[in-house]
Amino acid sequence: MTRCRALNGIPGEALARYYAQRSTPGGFLISEGTLISPTAPGFPHVPGIYSEEQVKEWRKVVDAVHAKGSLIFCQLWHVGRASHPVYQPGGAPPISSTTKPISARWRILLPDGSYGVYPNPRALKTNEISDIVQHYRQAAVNAIRAGFDGIEIHGAHGYLIDQFLKDGINDRTDEYGGSLANRCRFLTQVVEAVVGAIGAERVAVRISPAIDHLDAIDSDPLRLGLAVVERLNKLQQDVGSKLTYLHVTQPRYTAYGQTESGRPGSEEEEAHLMRNLRRAYEGTFMSSGGFTRELGIEAVAQGDTDLVSYGRLFISNPDLALRLKLNAPLNKYNRKTFYTQDPVVGYTDYPFFTQQSGPNKEPLSRL
């Protein structure tokens with residue numbers, strides 16, 4: 001979960017405490033989106049994994065997590081057109097698969113705390129794409145050097161890889177656009193490069209074929225999802241080893257954490273898409289997006305997924321795993337502090353369940 005606490009892109013002591021608070025014996029954490037290069041950011045003060053200083057400081061975070069008995073993967077991130085010249089080297093336009101900007105429906109958070117309009121991006125030239133692939137590869141190598149147990153390639157939610165996958169964004173006429181096979185080419189090359197560098201067993205992939213976040217719309221989400229799954233299955237067969245997991249965001253996910261309750265048939269369509277992807281993928285399947293404790297238990301019990309990941313609930317409940325196990329009440333999160341730079345308030349000051357007993361403690365409330 002992007003939290004904007006890594007000042008100047010460097011993960012400091014606040015991040016080590018934040019992640020350690022959320023670590024439990026046998027637990028598994030996926031880091032916030034972590035930048036693969038200087039062109040990757042679209043939020044202020046998000047951590048990178050492309051410089052030696054970043055690698056060194058991430059090592060302290062990872063060590064703190066491991067000391068608590070948890071595993072942690074680094075989520076590799078490039079936002080593509082979901083950026084702004086203020087975040088780009090030399091004030092350049094952000095890069096993407098396209099020159100089309102994100103619509104005025106969405107706003108970008110700027111360093112001064114205001115919200116701005118997304119600018120026109122610059123479409124990557126065909127011969128530039130291999131350089132971005134290598135940025136992912138090097139970031140994966142750096143993550144392993146920092147002590148991470150593996151990496152998750154963020155190919156979802158309207159960011160760079162998703163901008164190549166979705167036909168509502170990708171309007172290219174070269175070998176990276178047009179046909180479904182061409183639109184999947186960039187993701188496939190990234191996964192192949194990363195697997196070749198650190199091994200399939202340390203690599204996971206996240207996709208969101210049915211999510212329209214940041215105008216990431218596709219005309220046939222199920223067909224797109226199955227095409228990605230087909231390529232991941234083939235890669236696993238070719239290398240003789242499975243990826244750690246495939247992570248798919250539920251279609252009910254929205255930018256503001258609400259579910260699409262008003263659209264007729266939405267629940268049936270969601271279940272159909274997710275179950276088809278689950279059946280098609282030859283490996284461990286993870287789901288995320290709007291899960292409560294009850295929905296998570298139900299999804300695993302019915303065989304709809306192997307793993308369920310939680311994000312927003314983990315922000316305000318550092319001991320979420322314990323609370324879910326005990327069916328304990330949950331702290332409410334405060335959206336106003338999601339993207340501030342305070343190293344404590346709204347970040348590491350949410351109370352643990354064991355701290356909230358006694359006559360002088362405020363009661364917990366359910367979401």
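Which residues line the largest cavity? In this predicted model, the lining consists of Gly-155, Asp-162, Leu-165, Lys-166, Ile-207, Ser-208, Pro-209, Leu-224, Gly-225 and Val-228.

## Largest cavity

The structure holds two cavities of 30 Å³ or more. The largest cavity has a volume of about 40 Å³. Its lining divides by class into five nonpolar, three polar and two charged residues.

Two helices, H4 (160-165) and H7 (221-239), each contribute at least two residues to the lining of the largest cavity. Helix H7 gives the most, with three residues.

## Second largest cavity

The volume of the second largest cavity is about 30 Å³. Cys-184, Leu-187, Thr-188, Val-228, Arg-231 and Leu-232 form its lining. By class, this lining has four nonpolar residues, one polar residue and one charged residue.

Helix H6 (185-198) and helix H7 each supply at least two residues here. The largest share of the lining of the second largest cavity, three residues, comes from H7. Val-228 is listed in the lining of the largest cavity and also in that of the second largest cavity.

## Gln-236 in helix H7

Helix H7 also contains Gln-236. Is Gln-236 buried or exposed? Gln-236 counts as buried because its relative accessibility is 5%, and the cut-off for buried is under 20%.

Leaving aside neighbours within four places in sequence, Gln-236 is in contact with Ser-241, Lys-242, Leu-243, Tyr-281 and Glu-282.

## The sheet

Seven strands make up an open sheet, and their order is E1-E2-E7-E8-E9-E10-E11. The pairing is parallel. Strand E1 (28-35) and strand E11 (307-309) are the edge strands, each of which pairs on one side only. From one strand to the next, the twist averages 25°.

Strands of a sheet pair through backbone hydrogen bonds, in either a parallel or an antiparallel sense. Strand E2 (residues 71-77) and strand E7 (residues 150-155) run parallel and are joined by four bridges. Which residue of E7 is the bridge partner of Cys-74? The partner of Cys-74 is Ile-151.

## Strand E10 and its two partners

Strand E10 pairs with strand E9 (residues 245-249) in the parallel sense, over four bridges. On this side, Ser-288 in E10 is the bridge partner of Thr-249. Strand E10 also pairs with E11, again in the parallel sense, over three bridges. Here Ser-288 stands opposite Ser-309 in E11.

In a regular strand, side chains alternate between the two faces of the sheet. Which residues of E10 (residues 285-288) point one way, and which the other? Phe-285 and Ser-287 point one way, whereas Met-286 and Ser-288 point the other way. All of these residues are buried.

Val-46 lies in the loop between E1 and helix H2 (52-67). With a relative accessible area of 3%, Val-46 is buried, because that value falls under the 20% cut-off.

Which residues does Val-46 touch, not counting those up to four places away in sequence? Val-46 touches Thr-2, Ala-6, Gly-9, Leu-35, Pro-41 and Trp-77. Leu-35 belongs to the edge strand E1 (28-35), and Trp-77 to strand E2 (residues 71-77). Val-46 and Phe-73 are 27 residues apart along the chain, and their C-alpha atoms are separated by 16 Å.

## Val-300 in helix H9

Helix H9 (residues 293-301) contains Val-300. Why does Val-300 count as partly exposed? Its relative accessibility is 41%, and partly exposed covers the range between buried, under 20%, and exposed, over 50%.

Not counting residues up to four places away in sequence, Val-300 touches Thr-305, Asp-306 and Val-308. Val-300 and Gln-189 are separated by 111 residues in sequence, and the distance between them is 31 Å, C-alpha to C-alpha.

Methods:
Residues are numbered from 1 along each chain as its sequence is written. This is a predicted model: local features need pLDDT of at least 70, side-chain atom pairs count only at pLDDT 80 or more; totals for chains, interfaces and linings use all residues. Side-chain values use heavy atoms; hydrogens and water are left out. Two strands pair if DSSP finds at least two bridges between them. Axes are lines fitted to C-alpha atoms, for helices over the stretch in contact, and angles run from 0 to 180 degrees between N-to-C directions. On a 1 Å grid over the protein atoms alone, a cavity is a set of points where a 1.4 Å probe fits but cannot get out, and a pocket is an open set with protein on both sides within 12 Å along at least five of seven lines; lining residues have an atom within 4 Å of a point. Grid points are joined across faces, edges and corners, and a volume is the space filled by probe spheres set on the points. Ala, Val, Leu, Ile, Met, Phe, Trp, Tyr, Cys and Pro count as nonpolar, Asp, Glu, Lys and Arg as charged, and the others, Gly among them, as polar. Buried means under 20% relative accessible area, exposed over 50%, partly exposed in between (1.4 Å probe, protein chains only). Contact means heavy atoms within 4.5 Å.
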